[in-house]
Amino acid sequence: MFDKLLRKKTTAVPSTLKERLNVLKEKPMPTHVAIIMDGNGRWAKQRKLPRIAGHHEGMKTVRKTTLFASEIGIRVLTLYAFSTENWKRPKREIDFLMKLPGEFLSTYLPELVENNVKVEMIGTAELLPAHTKDAIEKAMNATAHNDGMILNFAMNYGSRFEIAEAVKAVAQQVSDNTIELSSITEETISTALMTSHLPDPDLLIRTSGEVRLSNFMLWQLAYAELAFTEVLWPDFNEENMLNIVEDYQNRNRRFGSLEGDEIK
Ligand code: V0D
């Protein structure tokens with residue numbers, strides 16, 4: 001009942017987004033945030049719209065989230081845009097999805113450049129349609145010299161496939177005698193992954209209430225904080241992101257060795 005009065009008197013509780021942002025920036029930010037952008041189909045269904053309408057709306061959330069992540073000082077944002085399992089969807093839906101990178105970039109590439117964002121990709125590009133590959137390649141080239149946030153799209157990506165390929169590459173080095181079997185470490189594997197140049201994600205977000213990793217960055221997420229929200233991806237906004245990053249900052253980032261009784 002006296003909440004309002006108290007808050008006015010102390011002004012210690014940040015209330016506006018702007019105030020909360022200032023508090024956020026005082027504490028350690030997650031360097032790398034990875035997101036499983038789930039719930040686009042369900043968002044469309046709730047509105048009696050075709051699934052593709054949800055995907056299209058989800059694309060606008062990619063733009064908003066990218067600008068916000070960059071603004072709050074996140075260094076790498078990895079977005080799971082298309083999984084190797086997604087090929088099982090109807091061809092019409094896949095065809096629509098594959099046009100999204102082109103549309104996204106023809107609309108928002110200038111804005112990404114203005115914001116010093118660097119576009120990158122993980123996954124197997126060869127299997128994507130040529131027009132999709134071309135759009136992404138053009139964006140990567142246009143932003144190659146930017147040194148702000150890395151916007152990393154996981155496209156035709158699957159984590160077990162990535163690990164299998166890494167193991168193959170390391171095995172090849174062994175058979176070439178370029179490395180010794182006994183010298184293989186975790187670092188050797190990390191270096192052979194598609195993310196070799198990136199830090200591991202500190203925070204994984206999955207929208208839409210599913211609590212699974214779905215073959216996404218299994219190796220890289222070993223020590224990440226996991227955040228699951230019921231919010232559907234097209235509805236995901238700055239406030240939702242802020243809540244999750246605040247939660248992240250208030251968790252104890254323990255790494256096993258200290259504080260004894262906790263596991264990472
Ligand atoms: C649909 C929600 C942006 C997830 C977001 C082909 C499903 C919207 C891109 C994109 C997709 C990818 C690469 C790039 C620029 C933009 C995208 C796909 C799906 C898969 F360089 N949104 N988006 N790609 N959706």
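**Entry 1: Lys48.** I started with Lys48, which I found in the loop between helix H3 (40-46) and H4. My helices (H or I, at least four residues) and strands (E, at least two) are DSSP runs, numbered from the N terminus. Lys48 is exposed, at a relative accessible area of 78%. I call a residue buried under 20% relative accessible area, exposed over 50%, and partly exposed in between (1.4 Å probe, protein chains only). I also checked Lys48 against Ser15: they are 33 residues apart in sequence, and their C-alpha atoms are 36 Å apart in space.

**Entry 2: ground rules.** I am working with a predicted model, where local features need pLDDT of at least 70 and side-chain atom pairs count only at pLDDT 80 or more, while totals for chains, interfaces and linings use all residues. Residues are numbered from 1 along each chain as its sequence is written, and side-chain values use heavy atoms, with hydrogens and water left out.

**Entry 3: helix H4.** How far apart are the end C-alpha atoms of helix H4? I got 31 Å, which agrees with the 30 Å that the 21 residues of H4 (residues 51-71) should span at 1.5 Å a residue. The expected span is 1.5 Å times one less than the number of residues. I then listed the buried residues of H4, among them Gly54, His55, Gly58, Met59, Thr61, Val62 and Thr65. A reminder to myself: an α-helix has 3.6 residues a turn, so residues three or four places apart point the same way. After H4 comes Gly73, with a positive phi near 95°.

**Entry 4: the ligand.** Which residues come nearest to the ligand? Of the 17 residues around the ligand, they are His55, Leu97, Leu100, Ile136 and Phe153; near means that a heavy atom of the residue lies within 4 Å. The protein covers 98% of the 520 Å² of accessible area that the ligand has on its own (Shrake-Rupley method, 1.4 Å probe). H4, strand S2 (76-83), helix H5 (91-114) and strand S4 (150-157) each give two or more residues to the shell around the ligand. H5 supplies the largest share, five residues. By type, I noted 14 nonpolar, three polar and no charged residues in the shell around the ligand. Here Ala, Val, Leu, Ile, Met, Phe, Trp, Tyr, Cys and Pro count as nonpolar, Asp, Glu, Lys and Arg as charged, and the others, Gly among them, as polar.

**Entry 5: the loop between S5 and S6.** Next I went to Ser208, in the loop between strand S5 (203-206) and strand S6 (225-228). Ser208 is not a glycine, yet has a positive phi of about 80°. Is Ser208 buried or exposed? At 2% relative accessibility, Ser208 counts as buried. Asn215 is also placed in the loop between S5 and S6, and its phi is positive too, near 65°. Asn215 counts as buried at 16% relative accessibility. I found Gln220 in the loop between S5 and S6 as well, buried with a relative accessible area of 2%. Gln220 and Ile72 are 148 residues apart along the chain, with 23 Å between their C-alpha atoms.

**Entry 6: Glu186.** My last stop was Glu186, in helix H8 (residues 186-192). Glu186 is exposed, with a relative accessible area of 61%. Glu186 and Trp219 are 33 residues apart in sequence, and 9.9 Å apart in space from C-alpha to C-alpha.
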